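Please read this briefing beside the sequence and the coordinates, which are shown just below.

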Amino acid sequence: MSQQNDFYIKKGTLYRYEGRDEEVVIPSEVRRIAPEAFINCKTIKKVAAPVRLVRLGNRAFYGCDNLAEVIIPGALFKRVKAEKIFSDPRKIYFRFYASNGLETEADDDYGAEWDAVEPDVAPQEESQKKAEAEVEPAVEQPAPAGGEIVSATTLLVDVNTTEGEGEPVEEVTADIIPEEVAEEITEEADGRTLREKIDAVTPEEPLPEGLSPNRRKELLNLTDFLIEDTTLVKYIGTGRQVEIPEFITRIAENAFANSDITDIYIPRSVKYISSRAFTWCESLGAVELPEELELIDDLAFANCTALKEIVIPRSVKYIGESAFHACSSLEKLILTDGITSISRRAFDFCTSLADVAIPESVTILHDGAFAHCESLKSVRLSSGLKKIANWAFAECTALTDFDLPEGLEEIGDVAFMNCRALKRVAMPESVRRLGRQCYVNCTGLILILLPEHLRDQIKPQKVFQGVSGVAIEYV
């Protein structure tokens, strides 16, 4: 991945790229790419431009002979002539995405004046001289201020590319949009929805039959998403199987909330899943969280009632409150070392969850972390656990005997309320506090072993309220 010092940027204008990477993500601060900024960059194969880009200088990517894929704001690309920017745009696969409002801001003086723009300090004069010697300048033809739609391929293009191990891929083509149609698109009433605006300039041709899953992912129509920089703001598509673009780093709040998606592909680039990102996605049955993910925020997957399996990667530092609340079909949960606490009500009302193992890195289970998990039978607690907070396992009516680890210091109020299948409690020596009614109505208990130092600190009739005929021994 390209580094910040590979770019010569001044006041939002990228004048020159000096790196040698194959995949280049242009910094989000860039609003203009100067003429010949990437000229003769032979190593580049893929470029992703920021959503706030408003201007492309002539010959910006001339001589980039290996450039095969460009991700760019569709509204900007509609206004320029691709052949002025790229040596041979027919060899490039363009992917386009929309921003809020669909349109990008325009520069009033787009045209010949742009080719005369120079930075106050020339970047890498030697590289500039080499570029000028190798490439004959094209004839300057300023783009019209009003913009120009190049073709219907503006939103989806696949030309002269190959699949996998050299197998040819069927060419996707589209007719050029007539000028009168282009005018209708730009002048249509503002009453249209954003989806309708996008559909108006999207090719109607379906993807070719027989494409491999990987190739279908590459041909993803990015206008199904609202994107700001590298944040996926909102999914506005109609497909139920969704593949998030590879350059996205954050899924915003409510991005997929209440949608009817069934499957979601989240790329490794995603670091943050914001609050309520997938809440009430009741048909979502499959999610594979990426290995680089760091944050799952509050209510991120709450009420995803069809979700059956979740593996939390070790890169995750925080699981927010109620992150998986009421995922009633969740049967398999794998927590890996790395996370230090399970937040309040993170997995409460996961009524199909039968087994959970808490990793060594977890030191606290917060309030209601696994409350109302009525199918939960087996819990394996780690030696690193210090606190089981209030009602952490309350109403886990199927929970059977398990060992409380040595090192545990505190059990909160009503922590195991109504856990009627419990028959034995063996409290470790390390415990210093038992909360009020922490085993209230655990009517199946027949043996309770407590450390001697708790004899004068607790009142069994309160801690074990509702439990009768049980033997309490101090050891």
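## Cores, strands and single residues

The largest nonpolar core contains 85 residues, and those with the most contacts inside it are Phe256, Phe278, Phe370, Phe393, Phe416 and Tyr439. Two or more residues are given to this core by each of β11 (225-228), β12 (231-235), β19 (309-312), β21 (332-335) and β30 (447-450). A second, separate core has 29 residues, including Ile33, Ile44, Phe61 and Val80. In soluble globular proteins, nonpolar side chains tend to be buried together. All of this is read from a predicted model, and the confidence values under the next heading should be kept in view.

**Confidence of the prediction**

- The chain has a mean pLDDT of 77, with 72% of its residues reaching 70 or more.
- Over residues 120-190 the pLDDT is below 50, although the model gives this stretch 105 contacts beyond near neighbours in sequence.
- Residues 201-208 likewise have pLDDT under 50, and for them the model has 19 contacts beyond four places in sequence.
- Where pLDDT is low, the predicted coordinates should not be read in detail.

**Around Phe370 in the largest core**

- Phe370 is one of the residues with the most contacts inside the largest core, and, when neighbours within four places in sequence are left aside, its contacts include Leu333, Ile342, Phe347, Leu353, Val356 and Ile358.
- Also in contact with Phe370 are Leu365, Leu376, Ala392, Phe393 and Cys396, together with the acidic residue Asp348.

**The four-stranded open sheet**

- Four strands form an open sheet in the order β1-β2-β4-β6, and their pairing is mixed.
- The edges are taken by β1 (7-10) and β6 (55-56), each of which has a single partner strand, so one side of each is left without a neighbour in the sheet.
- Strand β4 (residues 32-33) pairs with β6 in the parallel sense over two bridges, and Ile33 stands opposite Leu56 in β6.
- Ile33 also belongs to the second, separate core of 29 residues.

**Pairing around β12**

- β11 and β12 are joined in the antiparallel sense over four bridges, and Leu226 stands opposite Lys234 in β12.
- β12 is also joined by two bridges to strand β14 (residues 250-251), and these two strands run parallel.
- Within this second pairing, the bridge partner of Thr231 is Arg250 in β14.

**Aromatic pairs**

- The model has a count of 17 aromatic pairs, among them the tilted pair of Phe225 and Tyr235, with 5.5 Å centre to centre and 50 degrees between the planes.
- Tyr439 and Phe464 form a stacked pair, with 5.4 Å centre to centre and 20 degrees between the planes.
- Tyr439 lies in the loop between β29 (433-434) and β30, while Phe464 lies in the loop between α7 (460-463) and β31 (471-474), so the pair ties together parts that are 25 residues apart in sequence.
- Both Tyr439 and Phe464 are buried, and Tyr439 is among the residues with the most contacts inside the largest core.

**A buried aspartate in a loop**

- Asp413 is located in the loop between β27 (410-411) and β28 (424-426), and it counts as buried because its relative accessibility is 14%.
- The side chain of Asp413 makes a polar contact with the side chain of Arg433, at 3.4 Å.
- Apart from neighbours within four places in sequence, the residues in contact with Asp413 are Asn390, Trp391, Arg433, Gly435, Arg436 and Cys438.

- Most residues other than glycine have a negative phi, and most peptide bonds are trans.
- Glu36 is not a glycine, yet has a positive phi of about 60 degrees; Glu36 is found in the loop between β4 and β5 (46-48) and is buried, with a relative accessible area of 12%.
- Trp280 likewise has a positive phi, near 60 degrees; Trp280 lies in the loop between β16 (272-273) and β17 (286-288) and is partly exposed, with a relative accessible area of 40%.

Technical notes: Residues are numbered from 1 along each chain as its sequence is written. This is a predicted model: local features need pLDDT of at least 70, side-chain atom pairs count only at pLDDT 80 or more; totals for chains, interfaces and linings use all residues. Side-chain values use heavy atoms; hydrogens and water are left out. Buried means under 20% relative accessible area, exposed over 50%, partly exposed in between (1.4 Å probe, protein chains only). A polar contact is a pair of N or O atoms within 3.5 Å; within protein, one must be able to donate a hydrogen and the other to accept it, and residues adjacent in sequence count only if both atoms are side-chain atoms. Contact means heavy atoms within 4.5 Å. Two strands pair if DSSP finds at least two bridges between them. A nonpolar core is a set of buried Ala, Val, Leu, Ile, Met, Phe, Trp, Tyr and Cys residues joined through side-chain atoms within 4.5 Å. pLDDT is the predictor's confidence in each residue, from 0 to 100. Rings of Phe, Tyr and Trp (its six-membered ring) pair if their centres lie within 6.5 Å; planes under 30 degrees apart count as stacked, over 60 as edge-to-face and the rest as tilted.
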